[in-house]
Amino acid sequence: MKERNEAIAYCLTYQDVYEDYPFHDPNWCVIRHKKNQRVFAWIFEKDNYIWINVKCDPEWREFWRNAYQAVKPAYHLNKQHWNSIILDGTIPDQDIYKMIRESYFLTQK
């Protein structure tokens, strides 16, 4: 996964979610739960790459950051609970999907 449209399309496969542009800026797309309006994926372009901010269990936060150089403390969000995934082609899609899935379930409550 390297493209914005791929990230958005994958996030929209989850049940009861929708795409939103809360800052009236086409660069910032968020994917929210319909029931509680919580965001589980922040998708944006920075430094010529697409980034996705995802919520993560603090027990897994450092694992992902240590496993991949393209996983960083979240850009513009609480760095204890959120990571940024840089879609530079170095992270296998399956691991990107795992991080997005975890964010979906953590924000669903």
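This note sets out numbered points on the fold, the strand pairing, the aromatic contacts and the charged side chains of a predicted model.

1. **Sheet order.** The model holds an open sheet of 6 strands, arranged in the order S1-S2-S3-S4-S6-S5 with antiparallel pairing. Its edges are formed by strand S1 (17-20) and S5, each of which pairs on one side only. From one strand to the next the twist averages 25 degrees.

2. **Helix on the sheet.** Helix H1 (residues 4-11) packs on this sheet and touches S1, strand S2 (29-33), strand S3 (39-46) and S4. The direction of H1 makes about 175 degrees with that of S3.

3. **Strand S3 and its neighbour S2.** Strand S3 is mostly covered, since 6 of its 8 residues are buried. S2 and S3 run antiparallel and are joined by 4 bridges. Within this pairing, Val39 in S3 is the bridge partner of Arg32. The hairpin of S2 and S3 has 5 residues between the strands, and Gln37 takes a positive phi near 60 degrees there.

4. **Strand S3 and its neighbour S4.** The antiparallel pairing of S3 with S4 extends over 6 bridges. Ile50 in S4 is the bridge partner of Glu45. These two strands also form a hairpin, with 2 residues between them, and Asp47 in the turn has a positive phi of about 55 degrees.

5. **Strands S4 and S6.** Strand S4 (residues 49-55) pairs with strand S6 (residues 82-86) in the antiparallel sense, over 5 bridges. Ser84 in S6 is the bridge partner of Asn53.

6. **Aromatic pairs.** A pair of aromatic rings is described by the distance of the centres and the angle of the planes. The count for this model comes to 17 aromatic pairs. How are the rings of Phe40 and Tyr104 arranged? Their centres are 5.3 Å apart and their planes stand at 85 degrees, so the pair is edge-to-face; the cut-off for that class is an angle over 60 degrees. Phe40 lies in strand S3 and Tyr104 in helix H3 (residues 93-108), so this pair ties together parts that are 64 residues apart in sequence. Phe40 is buried, with a relative accessible area of 0%, and Tyr104 is buried at 4%.

7. **A tilted pair and a cluster.** Phe44 and Trp51 form a tilted aromatic pair, 5.9 Å centre to centre with 35 degrees between the planes. Both Phe44 and Trp51 are buried. Phe40 and Tyr104 also belong to one aromatic cluster together with Tyr10, Tyr14, Tyr97 and Phe105.

8. Side chains of opposite charge can pair when their charged atoms come close. The count of salt bridges in this model is 5. In one of these, the side chains of Asp20 and Arg32 meet at 2.8 Å, N to O. The pair links distant parts of the chain, with Asp20 in strand S1 and Arg32 in strand S2, 12 residues apart.

9. Asp95 forms a salt bridge with Lys98, the closest N and O atoms being 3.8 Å apart. Both residues lie in helix H3, 3 residues apart, which is about one turn of the helix. Asp95 counts as buried at 14% relative accessibility, while Lys98 is partly exposed at 42%.

10. **An exposed loop residue.** Gln69 is found in the loop between helix H2 (58-67) and strand S5 (71-73). At 71% relative accessibility, Gln69 counts as exposed. Computed along the chain, Gln69 and Val54 are 15 residues apart; the C-alpha to C-alpha separation in space is 16 Å.

Key: Residues are numbered from 1 along each chain as its sequence is written. This is a predicted model: local features need pLDDT of at least 70, side-chain atom pairs count only at pLDDT 80 or more; totals for chains, interfaces and linings use all residues. Side-chain values use heavy atoms; hydrogens and water are left out. Buried means under 20% relative accessible area, exposed over 50%, partly exposed in between (1.4 Å probe, protein chains only). Two strands pair if DSSP finds at least two bridges between them. Axes are lines fitted to C-alpha atoms, for helices over the stretch in contact, and angles run from 0 to 180 degrees between N-to-C directions. Contact means heavy atoms within 4.5 Å. Rings of Phe, Tyr and Trp (its six-membered ring) pair if their centres lie within 6.5 Å; planes under 30 degrees apart count as stacked, over 60 as edge-to-face and the rest as tilted. A salt bridge is a side-chain nitrogen of Lys or Arg within 4 Å of a carboxyl oxygen of Asp or Glu.
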